[in-house]
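Thanks for coming, everyone. Let me put the model up and walk through it.

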Amino acid sequence: MTTTPARATYLISGATLPNGARADLLVQDARITAVGTNLDEGLGITTIDADGLVALPGLVDLHTHLREPGFEQSETVLTGSRAAAAGGFTSVFAMANTMPVSDTAGVVEQVQALGDAAGYATVRPIGAVTVGLAGERLSEIGAMAHSRAQVRVFSDDGKCVHDSLLMRRSLEYVRTFDGVVAQHAQDPRLTENAQMNEGALSSELGLKGWPAVAEESIIARDVLLAEHVGARLHVCHVSTAGSVEVIRWAKSRGITVTAEATPHHLLLTEDLIRSYDARYKVNPPLRRDEDVQALREGLADGTIDIIATDHAPHPKESKEAEWDAASFGMVGLESALSVAQTALIDTGLLSWADLARVLSQTPAEIGRLADHSHDFEVGAPANVTLVDPANSSTFDLGRLAGKSTNSPYLGRTLSGRVEYTFHHGYPTVRAAQVAPSDEIAAQAEAWKASN
Ligand SMILES: NC(=O)N[C@@H](CC(=O)O)C(=O)O
Ligand SMILES: [Zn+2]
Ligand SMILES: [Zn+2]
């Protein structure tokens, strides 16, 4: 017989809300039961002193690679969702480039079940657009949408849905159930063997260039297809100033397109590649300072809707290889909020309310996430992140909670630190320490039993 652990009551006392107001939040039976000032510290209540901490709605990542099934040496659903909790995330959308690929109802249901059992975060699987990500035939989109996993986001991420007819058909399909196609915009012919951003630096370093137009031309085609079909399109990891312009134009025409920028494209530039350190190797590549500025402005004016991590764990061997042979990708869940604060809050471009919107509310809306509340409504599942914005520190290995360590921020000073993450009313992170997995799994059981 399993015993159901007691669901504790927490009083988050004196937190600063995204709008700047100070409030107490009462968390009872996994839900927010009161928001106010001077809430009572009754018997059996655990009080968390949130003086000086900003309370954000639990962060939502629309673009995470959890690697399971198939690449468990890099990450598992358990370790990846633990990394999510460490970074203040309470929900993650798991990309489909697993082995087998998440292109059937069976695989997406498996990923969702692994997430539910781990309990660190709500895991929502993304379905592949084409069978095996091969770009040749549409996958079982309808079966995944109507499975227990109720998939709403479809993506061949890692690969571009390059065939225009398949892209059109996938948009037509997802429209029938209010889904969205999330495109990895990369013309494959223009980027064969590409290693870094194309420009003066790629010539100087003798590395094959990756032209901005390879991204921009696909986005331009896709927004026109989305307009033609009347379906929702989402653009993954936008990386160039030109892409921001195309999306701005599409939105001005009323096209239903949304777009994401990654933390690394908002902070880092291509000159880091002079070190030939493969931690900086990523798809799409790090670009120029002008591109970083354009992405920041795009976020500030709403052209770019959200920040998504593109957390891409890779084993040490594949990152210690020489530049050309190393794999593309960086881990990003644990650092995302600190990078966002450093690049956007400290520079005065965004407010905490804006950050709550781009890291929680809007990604939840794009993914049609049910398990979410963005303004601490009474009765909603208590998904809350408490961040200490005054903590400026060196990002080190101790901050990583996933299986892989391919972070470009190790050794860098970043602002802000996640102190607490509450998922379904239970602290998965407390005093900046991630809670042990058996304890979280037991809490997840209790949540399941009561819902
Ligand atoms: N971003 C990356 O560099 N790599 C991602 C794939 C992707 O997001 O395109 C991966 O799966 O490793
Ligand atoms: Zn991608
Ligand atoms: Zn990705």
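By class, the shell around ligand 1 holds six polar, three nonpolar and two charged residues. Nonpolar here means Ala, Val, Leu, Ile, Met, Phe, Trp, Tyr, Cys and Pro; charged means Asp, Glu, Lys and Arg; the others, Gly among them, count as polar. The residues surrounding ligand 1 include H65, N97, D157, H184 and D310.

A word on the source. This is a predicted model, where local features need pLDDT of at least 70, side-chain atom pairs count only at pLDDT 80 or more, and totals for chains, interfaces and linings use all residues. Residues are numbered from 1 along each chain as its sequence is written, while chains are lettered from A and ligands numbered from 1 in the order in which they are written.

Now the domains. Domain 1 covers 9–55 + 386–449, and domain 2 covers 56–366; the bounds come from an automatic or database domain assignment. Their C-alpha centres are 26 Å apart. Domain 1 gives 33 residues to the contact, domain 2 gives 44. Contact means C-beta atoms, placed from the backbone, within 7 Å. On the domain 1 side, β17 brings the largest share, seven residues. Strands are DSSP runs (E, at least two) and helices likewise (H or I, at least four residues), numbered from the N terminus. That side divides into 17 nonpolar, 12 polar and four charged residues.

Last, a sheet. Three strands run in the order β6-β7-β8, open, with parallel pairing; pairing takes at least two DSSP bridges between the strands. β6 (59–64) and β8 (122–125) are the edges, each with a single partner, so one side of each has no neighbour in the sheet. β7 and β8 pair over four bridges. F93 stands opposite R124 in β8.

Notes: A residue is near a molecule or strand if its C-beta atom, placed from the backbone, lies within 6 Å of it. Two residues are in contact if their C-beta atoms, placed from the backbone, lie within 7 Å.
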